[in-house]
Amino acid sequence: MSTALKDLIRNPTIAELELVARFAALKADARRERLFEAFAQTGLPGRRIEGWRWTDFKAAVTSLDALKAAPVRDPLAQAGVATLRFTPAGYTAPATLPAGLKLLAKDDVQAMGGAEEAPLGALAAALSGGKTPGTLLVDVSAGAPVHLHMVFEGPGAINSARIVFLLRPGAELHVSESHLGGAALSTALVEFTLNKGARLHRTVYQIGGAGEAQAVTAIIEQDAGAESVLTTLAFGAKVARLETRLVHRETGSKATINAAYLAGAGLQADITTHVRHGAPSCVTRQLTKGAVLDGGRGVFQGKFHVPRTSGQQTDASMQHNALLLEEGAEVFAKPELEILADDVQCAHGNTSGALDAAQLFYLRQRGIPLTQARAMLTEAFIAQALEGAGDLEDALRAEAQAWLNHAA
Amino acid sequence: MLKIENLTATVGEGEDAKTILNGLSLAVPTGEVHAIMGPNGAGKSTLSYVLTGREGYAVTGGSATLNGADILALEPEARAAAGLFLSFQYPVEIPGVPVMTFVRTAMNAQRKARGETEISAPDFIKKSREIAKVLSLDPEMLKRPVNVGFSGGEKKRLEIYQMMMLEPRFMVLDETDSGLDIDALRTVAEGVNALRAPDRGMLVITHYQRLLDYIKPDKVHVLAKGRIIKTGGPELAHRLEAEGYDGVLAEAV
């Protein structure tokens, strides 16, 4: 079997062969096999694959040797909030969980919709098992809002995890995720099903080293009247892909998808989203802000798909604004609206440029030194993208501020 | 206090470089207020930008000193810390940065550069309240982003607010009267006059004599084609208002 699968990846790299071996060592499971096949169609995706032109995992992941990374501070750690921890060595959960939350660690692997479209999500699902659950199910029932924190960190070679959330009708979940890297390849798949009227607040913090590859894939499906508020702050890695695939599948569902990326030298941060308006009268608000230094790379790919019949009365807007803070900074953006319905409100905007010279001079004339003036303007520029994080907004802003004061 | 000697400056780069200041000389002694008047395109705003160090302007000759120290060699923020303040003709909008945050950051940056201690939050708020009152500024306005959504008059009053907060040694007011109605003009002038002091100097750049009814200058200079062509007392401003610039310009040739 593993021989046949190995042959599915054309001209496999050493890293891909290691992934095949890793897969072959796990308990055989027909669903796992299907997921690995979905991954194997592309292998580690790279510039020859549509949607991965600027985020080349195939080229970046040269080896899967264990990293001896120093622990990275987790700015989203909150006292009193239940925390799930995923490392290459295994997974830990607290003995007591908040009311309204049930965990079910399943040995076998659950099927994943659209696995072919998210090869690194499929890989995370296919490699889950052994020391971690094959699938970790999290059931959230209606009642008081439930808070949960998840940490993904090294050290090690490969860190892969899959968590499947079910938000029962009327449930409210506040989940924060810290993707701290520390492994040669970290890949997480987080799925959310929002039943009728459920509310999801998801806040993601991502940071990684110049020798690490990270992929965080989220798949979100929303029923009638469900609402999600998603906020991401990404600092990138050698390659870092933060991908969100969201489907409004019943009327009156609403999503706010905000992200900020800050990429320094040798780092790349990719924010990719795909939103399908599969039911009438759904709302999507998307704002992505980025700032990049010399030798850094930012990628934004956003797509709204609004089908002819089911997508009527869609209200959607997509905005991406990037700052190139220095010569040699790179930003690639691909906003895409695929609108087949005729009765919709859809808007998008996309800009990239340098800091405004008139603003910089104004600050400096008042006595604010150039580096501080740059940091202030950049922080103000990205701040709006972090506003939805609620209680965690200050923590994210503090991280952004520290980066800007250090970088500018 | 401020001494400008034979200053020449260009705007633009390479072959597009255009000489705007053409041998400008001027001295404002400590404690005095001087006005600069001149027709459009005379180089009034260029003078304010060259003095404060805006990018895009190149000094090609001459000197400018503040209390004997060469200011042209300094970065804009160092000129500010040395006490030079420009009230902008067109104040800039800074989305996402509240006025109070901005001014406190500026004040503490200047203090740090001068080796002074930072102002405490209560002292800062107290001072801000007092000055806002003098200028009839709504305190809520000071919590909003700098100049965003402000009317022309509010922007000018906010410039004077900043000036009163930062207490500079030398002030350049670039067309502070433009966009102001008569009541706002009076309020702004009151603020400016409150800053007149024996150890301060001021350069008031204006197109019209009107502002000088409220901020009385010790001297009036006429700027044309990049140099001072005539200097006189306050009566010179009245003459310009009555006769227009043509007569004075013709005399000077």
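**Figure 1. The contact between chain A and chain B.** In this predicted model, the contact takes 17 residues from chain A and 20 residues from chain B, where two residues are in contact if their C-beta atoms, placed from the backbone, lie within 7 Å. On the side of chain A that touches chain B, the elements that give two or more residues are helix H6 (357–365) and helix H7 (370–386) of chain A, and H6(A) gives the most, with seven residues. Helices (H or I, at least four residues) and strands (E, at least two) are DSSP runs, numbered from the N terminus. The residues on this side of chain A divide into eleven nonpolar, four polar and two charged; here Ala, Val, Leu, Ile, Met, Phe, Trp, Tyr, Cys and Pro count as nonpolar, Asp, Glu, Lys and Arg as charged, and the others, Gly among them, as polar. Residues are numbered from 1 along each chain as its sequence is written, while chains are lettered from A and ligands numbered from 1 in the order in which they are written. Because the model is predicted, local features need pLDDT of at least 70 and side-chain atom pairs count only at pLDDT 80 or more, whereas totals for chains, interfaces and linings use all residues.

Figure 2. A residue is buried if 20 or more other C-beta atoms lie within 10 Å of its own, exposed if 12 or fewer, and partly exposed in between, with C-beta atoms placed from the backbone.

**Figure 3. The nonpolar core around A:Leu35.** Of the 194 residues in the largest nonpolar core, A:Leu35 and A:Ala122 touch the most other members; such a core is a set of buried Ala, Val, Leu, Ile, Met, Phe, Trp, Tyr and Cys residues joined through C-beta atoms within 7 Å. If residues up to four places away in sequence are not counted, A:Leu35 touches A:Val109, A:Met112, A:Ala115, A:Ala122, A:Ala125 and A:Ala126. In soluble globular proteins, nonpolar side chains tend to be buried together.

**Figure 4. A:Leu17 in helix H2 of chain A.** A:Leu17 is found in helix H2 (residues 14–25) of chain A, and this residue is partly exposed, with 13 other C-beta atoms within 10 Å. A:Leu17 and A:Gly43 are 26 residues apart in sequence, and their C-alpha atoms are 9.8 Å apart in space.

**Figure 5. Helix H1 of chain B and the glycine that follows.** Eight of the nine residues of helix H1 (residues 44–52) of chain B are buried, so this helix is largely enclosed by the rest of the structure. The buried residues of H1(B) include B:Lys44, B:Leu47, B:Tyr49 and B:Val50. H1(B) is followed by B:Gly53, whose phi is positive, near 90 degrees.

Figure 6. Most residues other than glycine have a negative phi, and most peptide bonds are trans. The peptide bond from A:Gly154 to A:Pro155, however, is cis, with omega near 0 degrees, and A:Pro155 lies in the loop between strand E5 (146–152) and strand E6 (156–167) of chain A. A:Ser281 is not a glycine, although its phi is positive, about 55 degrees; A:Ser281 is found in the loop between strand E14 (268–277) and strand E15 (283–292) of chain A, and counts as partly exposed, with 17 C-beta neighbours inside 10 Å. In chain B, B:Asn67 has a positive phi of about 50 degrees although it is not a glycine. B:Asn67 lies in the loop between strand E4 (57–66) and strand E5 (69–70) of chain B, and, with 15 C-beta neighbours inside 10 Å, B:Asn67 counts as partly exposed.
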